[in-house]
Amino acid sequence: MNLAEIKTKSVGLVLSGGGVKGMAHIGMIQALNEFGIQAQVVSGSSVGALVGAMYANGNSVSEMLRFFKETPLFRYHFMTLVKPGLLDTDRYFEVLLKYFPENTFESLQRKLSVVTTDLQRGEERIFSTGALIMPLLASAALPPVFSPVVINGTLYADGGIMNNFPYEYVADESDFIIGSNVSSVRQLSKEGIRSSYQLANRTTSLMIYAMNRAKVQQCDLIIEPQSLELIGILDKKGIEKAYTIGYEHTLAKLQKIFVEY
């Protein structure tokens, strides 16, 4: 399928979780924009849900980056002693309300599906209609840093716990599916697994990678820059680097595929 054909198709976009690594999603979107490729259907988990919501909302790449740069991950007055988690996720509601004043999925310019985890039932839960902000907060509520979010009396947390690459929610509505997976893994030397933290990080990455590998391979175009593994999930200093990696990786791949450009 050439570039002209893709532009006539219904394009689906799948955005994985991965914390700060998810800024590569924004770099990918910039590269897609430069090729004139726009998605009509979007699904996302965790940070992928936040980026996906802003993309579905029609926010520019610069607005997306500004949101993540200007929103502190850790605010002292957001700390909580009465909820499970270090930070009260609900306190970020007003931050998101500035970007989504209508607070509904229906107000978005593109169809969006947001993955969350129902902690009480141990099930995946998808949100695609009704109120928007609370499901977004729930999808990005990484335990144990952020507290679970209560929606209709049920506790919800990070969508990546159950489904870090929600391919299935765009599969039936898209002719061409683009996946951005920022939770890929690459071979490491022994020096890369020296501490308990590095060991825990590596094993978690491998579990997430294995769970979603089959779905990643079903995408018509997959963006999966392995160099992102060196960026910490909560390392805000890595925002620009992750964005650049995503942009350059996607641009190089698109130029290789669509030689006519």
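The axes of α2 and helix α3 (residues 47–56) come within 9 Å of each other and cross at roughly 35°, where axes are lines fitted to C-alpha atoms, for helices over the stretch in contact, and angles run from 0 to 180 degrees between N-to-C directions. This is a predicted model, in which local features need pLDDT of at least 70 and side-chain atom pairs count only at pLDDT 80 or more, while totals for chains, interfaces and linings use all residues. Residues are numbered from 1 along each chain as its sequence is written, and side-chain values use heavy atoms, with hydrogens and water left out. Helices (H or I, at least four residues) and strands (E, at least two) are DSSP runs, numbered from the N terminus.

**Helix packing around α2**

- Two packed helices are described by the angle between their axes and the distance between the axes.
- α2 passes α3 in a right-handed crossing; a crossing is right-handed if the near helix is turned clockwise from the far one by less than a right angle, and left-handed if anticlockwise.
- Met23, His25, Ile26 and Ile29 of α2 meet Val47, Gly48, Val51 and Tyr55 of α3, a contact being heavy atoms within 4.5 Å.
- The residues of this contact of α2 with α3 divide into six nonpolar, two polar and no charged, with Ala, Val, Leu, Ile, Met, Phe, Trp, Tyr, Cys and Pro counted as nonpolar, Asp, Glu, Lys and Arg as charged, and the others, Gly among them, as polar.
- Helix α2 (residues 23–34) also packs with helix α9 (residues 239–257), at an angle of about 40° and with the axes 6 Å apart.
- The contact of α2 with α9 involves residues including Met23, Ile26 and Leu32 of α2 and Ile239, Tyr243 and Leu254 of α9, and by class it has 12 nonpolar, four polar and one charged residues.
- The crossing of α2 past α9 is right-handed.

**Aromatic rings**

- There are six aromatic pairs, on the rule that rings of Phe, Tyr and Trp (its six-membered ring) pair if their centres lie within 6.5 Å, with planes under 30 degrees apart counted as stacked, over 60 as edge-to-face and the rest as tilted.
- Phe35 and Phe258 form a tilted pair, 6.4 Å centre to centre with 50° between the planes, and this pair joins the loop between α2 and β2 (41–45) to the segment after α9, 223 residues apart.
- Both Phe35 and Phe258 are buried, which means under 20% relative accessible area, whereas exposed is over 50% and partly exposed lies in between (1.4 Å probe, protein chains only).
- The pair of Phe67 and Tyr99 is edge-to-face because the ring centres are 5.1 Å apart and the planes stand at 75°.
- Phe67 belongs to helix α4 (residues 61–70), and Tyr99 to the loop between α5 (93–97) and β3 (111–118).
- Ring pairs link Phe67, Phe68 and Tyr99 into a cluster.

**Charges over rings**

- Arg110 lies over the face of Tyr55, at 4.0 Å from the ring centre, where the criterion is NZ of Lys or CZ of Arg within 6 Å of the ring centre and within 35 degrees of the ring normal.
- The charged end of Arg125 sits over the ring of Phe127, 4.1 Å from its centre.

**Two loop residues**

- Ser147, in the loop between α6 (133–139) and β5 (149–151), is buried, with a relative accessible area of 0%.
- Ile161, in the loop between β6 (154–158) and α7 (168–171), is partly exposed, with a relative accessible area of 38%.
- Not counting residues up to four places away in sequence, Ile161 touches Thr117, Leu119, Pro143 and Met211.
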